[in-house]
Amino acid sequence: MVTICAFPQDTLVQGHLCRGSGGPKGVQTSFYPDGALRQFFLVQPTVIDGVPCATGLIRGAVELHENGRLKSCMLEEDLVRDGVKLGKGSRITLTMDGRTLK
């Protein structure tokens, strides 16, 4: 069972454009045991579940819950959600039902 891979080129997976790397030791994409997308890096800034997610290979990993909802990402722009104000470049973390944790 493959749980981590590096796509040779940018690849659309379960509706998300995951960054490719051109080699097996490059940018990695991971999956839950059931095959659901778990963690990946965006090719371009993208809004997921109403959250503007940024690109970035150092801190820019996007994480999804097993149900496919956003778990965490680095913000592309300032955001106020559930009464919580977060600035561009900070990491937001959400519960499985979409509530903001931090």
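Predicted model: local features only at pLDDT ≥ 70, side-chain atom pairs only at ≥ 80, totals over all residues.
Student: OK. Which way do strand β5 and strand β8 pair, parallel or antiparallel?

Tutor: Antiparallel. Strand β5 covers residues 37-41 and strand β8 covers residues 61-64. Three bridges link the two.

Student: What holds paired strands together in general?

Tutor: Strands of a sheet pair through backbone hydrogen bonds.

Student: What's the strand order in the open sheet?

Tutor: The order is β1-β4-β5-β8-β9-β12. That makes six strands, with antiparallel pairing.

Student: And which are the edge strands?

Tutor: β1 (4-5) and β12 (91-93). Each of them pairs on one side only.

Student: New topic. How many residues are in the largest nonpolar core?

Tutor: It has 19 residues. F40, V51, C53, V62, L70 and I92 have the most contacts inside it.

Student: Which strands each supply at least two residues of this core?

Tutor: β5, β7 (51-53), β8 and β9 do.

Student: Zoom in on F40. What is F40 in contact with, leaving aside neighbours within four places in sequence?

Tutor: Its contacts are H16, L17, C18, Q28, T29, I48, G60, A61, V62 and L64.

Student: Now M74. Where does M74 lie?

Tutor: In strand β9, which spans residues 70-74.

Student: Is M74 buried or exposed, and why?

Tutor: Buried, because its relative accessibility is 11%. The cut-off for buried is under 20%.

Student: What does M74 touch, not counting residues up to four places away in sequence?

Tutor: P52, C53, A54, T55, R59, G60, G89, S90 and R91. Take R91: M74 and R91 are 17 residues apart along the chain. Their C-alpha atoms are separated by 4.3 Å.

Student: Let's do loops. What is phi of Q14?

Tutor: It is near 50 degrees, a positive value in a residue other than glycine. Q14 lies in the loop between β2 (11-13) and β3 (16-18).

Student: Is D82 buried or exposed?

Tutor: D82 counts as exposed, because its relative accessibility is 52%. Exposed means over 50%.

How values were computed
Residues numbered from 1 in each chain as written. Heavy atoms only, no water. Helix = DSSP H or I, 4+ residues; strand = E, 2+ residues; numbered from the N terminus. Buried < 20%, exposed > 50% of the residue type's maximum accessible area, 1.4 Å probe, protein only. Contact = heavy atoms within 4.5 Å. Pairing = 2+ DSSP bridges. Core = buried A, V, L, I, M, F, W, Y, C linked by side-chain atoms within 4.5 Å.
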